[in-house]
Amino acid sequence: MSSPQQPPRCAVLHSPAWPLIAAIVHNPQIYAPSQPLAVFDAQRVSCCSPAAWSEGVRLGQRRRQAQGACPHVVIVPHDPERDARLFEPVVRSVGTLVPLIDVATPGSLLLATRGPSRYVGGDDALAIRLIALATAGVKALGESLDIEAVLSAGGGMGVGIADGRIAATLAARSAAHRGMPIVIPTGSSATAEFLAPYAVKVLVSVAGCPAQLIDLLERLGLRQLGDIAALSPTHLVDRFGSIGLVLHRLASGTDDTPPATVPPPADLSITRVFDDPILQLDMLVFAAKSLTDELGTYFHERGQICTRMRIEADSEHGETSHRVWYRSQGMHSSTMLDRVRWQLDGWINGADPPSAGITMLRITPSEIRSDAGTQEGFWGGRSQADETAARAITRVIGFLGPQGVTVASWNGGRDPRQVYDMISVADLGSTAAAGEQLLLRPQDDSSADPNLWPGSLPAPAPAVVFHEALSVAVIDQRGHSVSVSGRGLVSAPPATLTLKGANHEVVAWAGPWPVEERWWDERSRRVARFQLVVQVPDGQRAYLVEVFAGNWWLTAEYA
Amino acid sequence: MTVGNTTSEPRSLSPQALSALLATQIPGAHLVMAHERLLPIHPVLAPLFGVSSDDPLPLGLVRGHTLACTGSAAMSSALAVLVASTQSGSWAGVVGLPSVGVLAAADLGVALERTIFVSDPTGARDHGEQRPDVAAVLSALVDGVDVLLLAQRLVTSLPLSLMRRVQTRVQTRGGILVIVGDPAPLSVDIRLNATTVEWQGVGIGHGHLQRRRVVLQLDGRRRARATEHEVWLPDAQGQLSAVVQQSEKFAVVEQAGVVVPLRRTG
């Protein structure tokens, strides 16, 4: 095992609530001084302004909880494309000083400081320049805005400079809170000292560690990064396998790039030249799809995944847009395509659009590692089928609307119509935001305990349930309609069931089973249920009928 | 073809031997036999779909096939077809069947977390908006899920040519199309007819429905003869189980144990 080399010194510019800043710039009406704002993604708070935070809104809260804590919170729509498009001017503005920038996510960018620091005269000077450039970038979006106020509403922007990506990212997060840049002195001991007090949980968001692993670490009593760094790497490898070594490197700040990163072969860059210049975003993205598919297949066949790539586009008049994209979990073809869309959307629909159509599009993967990261446990893991299904669901929602695609969620109840609720897929998970897949698990399925509902129908359950009950007639031997008294007694045994104009002989029946629900409010319902088995020419059929206010209704068929 | 000194008869070749033979004849050819492109089926239904090793019929649902479930137990048998495939990781889509009994499906063992319910793409939206493109919806679903359950009403209301295109797409993609009800003009690969013999557990004013004996009859385009099988669908737990042949005496005793006659008193 080679000795850990000094990680490159990095600067990270981070805006913790970039979606809020983007939303205010996009639609200034939503902003007022000290107005609490929050962005919801998949019904949960994904980021909130400091004003909302001080009122008790927390990340991961449901909408109802957030509105309970802070009733006047303004809900900002979740729109990753808007965030990416509006971040582009910031990247451009910083790009006037530093040529090569990694955009990790909209709201966060990373650069190597070696050259720029020497150019502007030190890390502190670089940090101040970066803040100034980023602020100028936001200002370019809307001249009329009070930029300081907007930035403070969105939790500010922070710059952190440290050895390695992890330390720099954490420093930038603290810097955003503190309102001034943080520069960690160079050297592994200073980095380790800075990292030590952080909770291990930060590795999930910063380094893409699986949440189960972090949970395990916490249960083992390793709560801070310092605890892990204090252990010997040998012990960690004993307990966790190769990931133990990665953990140690992450925690001690010596290495954050996956050790198996391989430089790509030189000819991997893939280019598409358009004979007719294209300026429509959709057509460009469509053309890019073949490129990303090709790359995706190439990596997939080799069991690899691309973690960093460079996208370049040239216009007919020689203008160019190039950007490096990084994603620690790796990028599949659809994720790559999203990056292409974000970059081109920001360029074509942004402040400084190209004056002519795009003639060339090039994607160059620059960092590749073996694809081992998508395997998720034995149980509840995602398979290829889950991903194709998730994609199909997103498409069908596009055609039919969110109510068109539903899943069953346990609700409970005595009526077979109520036992399962059909809830829209769109309410369950995020609809494929930024290339992430949607998760299709109704959350409370474990509470599906039929014993909670005494008086519900005995098993087996009917296979066909009519949500709009059909009117039927149940007649006794003498031709009178069967009725049920207030004490639950049947006037005469049912003999005939008249269904859609046809009479069927009742061969067996059971009931009445009176159900009186919600007698305390206006939704009260007093019915008596029967099971009827009738003779039809090709055998028997069993129905569930109920009598409500003297009328008979067919509610289910044991089909 | 030379006659006389052929050493092996093609008919006696095992699938493995045939595969090996083809691999020597056509270098690089990867042979996938029909019985390898299968979706799992509930073990109780397996006898219908071909069982023993000498039976040329496959032991599961052949991918790409269209199946029609008819008879008085059509819905239950269609749900029973979903059980094994959804449990083994496939996704199922249920289209245009708002009346499907979800509790019955769950009791049968359908993995609801991999089942999506899609509203009828031909109906619904009649308040002003344009009708969604049915072909696009169906093809998106065929691409996304392994088993697609369609309502008979949907199948018969669509043009036959469109349904044939959907079938072709299912064949290319390797899914299964299940139609609940008689598909009438559309021709299908397999017909599963489920006829109720009797319901047990309910008497004249007492008991409750407990289990149903169903005769499943499987017939198909490529099948020499129809196979028949008796099952409990559902049994007392709401699941699918095989009918164990018992002596008459046992059956009577069991019946007597089930039925508790009630009398009016007081």
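Good morning. The model scores ipTM 0.80 and pTM 0.54. For chain B, the mean pLDDT is 80, and 73% of its residues reach 70 or more. Two stretches of chain B call for caution. Over residues 1–10 of chain B, pLDDT stays under 50, and the model has one contact there beyond four places in sequence. Residues 125–129 of chain B also have pLDDT below 50, with two contacts in the model beyond near neighbours in sequence. Where pLDDT is low, the predicted coordinates should not be read in detail.

I turn now to the contact between the chains. Chain A contributes 48 residues and chain B contributes 51 residues. On the side of chain A that touches chain B, the elements that give two or more residues are helix 17 (384–400), strand 13 (405–410), strand 14 (420–424), strand 15 (464–476), strand 17 (502–517), strand 18 (525–536) and strand 19 (539–548). Helix 17 of chain A supplies the largest share of that side, with 10 residues. Classified by residue type, that side of chain A has 35 nonpolar, eight polar and five charged residues.

Strand pairing also links the chains. Strand 13 of chain A and strand 5 (residues 115–118) of chain B run antiparallel and are joined by two bridges. Within strand 5 of chain B, Phe117(B) stands opposite Thr406(A).

Next, a sheet within chain A. Its three strands form an open, mixed sheet in the order 3-2-4. Strand 3 (44–48) and strand 4 (74–76) of chain A each have a single partner strand, so one side of each is left without a neighbour in the sheet. From one strand to the next, the twist averages 45 degrees. Strand 2 (residues 37–41) of chain A runs parallel to strand 4 of chain A, and three bridges join them. One bridge pairs Val39(A) with Val76(A) in strand 4 of chain A.

Finally, a helix pair in chain B. How do the axes of helix 4 (residues 134–144) and helix 6 (residues 160–173) of chain B cross, and at what angle? The axes come within 10 Å and cross at roughly 20 degrees; helix 4 and helix 6 of chain B are therefore roughly parallel to each other. The crossing is right-handed. Helix 4 of chain B contributes Ala135(B), Leu138(B), Ser139(B), Val142(B) and Asp143(B) to the contact, while helix 6 of chain B contributes Leu162(B), Val166(B), Arg169(B), Val170(B) and Arg173(B). The residues of this contact divide into six nonpolar, one polar and three charged. Thank you.

How values were computed. Residues are numbered from 1 along each chain as its sequence is written. Chains are lettered from A and ligands numbered from 1 in the order in which they are written. This is a predicted model: local features need pLDDT of at least 70, side-chain atom pairs count only at pLDDT 80 or more; totals for chains, interfaces and linings use all residues. Two residues are in contact if their C-beta atoms, placed from the backbone, lie within 7 Å. Helices (H or I, at least four residues) and strands (E, at least two) are DSSP runs, numbered from the N terminus. Ala, Val, Leu, Ile, Met, Phe, Trp, Tyr, Cys and Pro count as nonpolar, Asp, Glu, Lys and Arg as charged, and the others, Gly among them, as polar. Two strands pair if DSSP finds at least two bridges between them. pLDDT is the predictor's confidence in each residue, from 0 to 100. Axes are lines fitted to C-alpha atoms, for helices over the stretch in contact, and angles run from 0 to 180 degrees between N-to-C directions. Angles under 35 degrees count as roughly parallel, over 145 as roughly antiparallel, 65 to 115 as roughly perpendicular and the rest as oblique. A crossing is left-handed if the near helix is turned anticlockwise from the far one by less than a right angle, and right-handed if clockwise.
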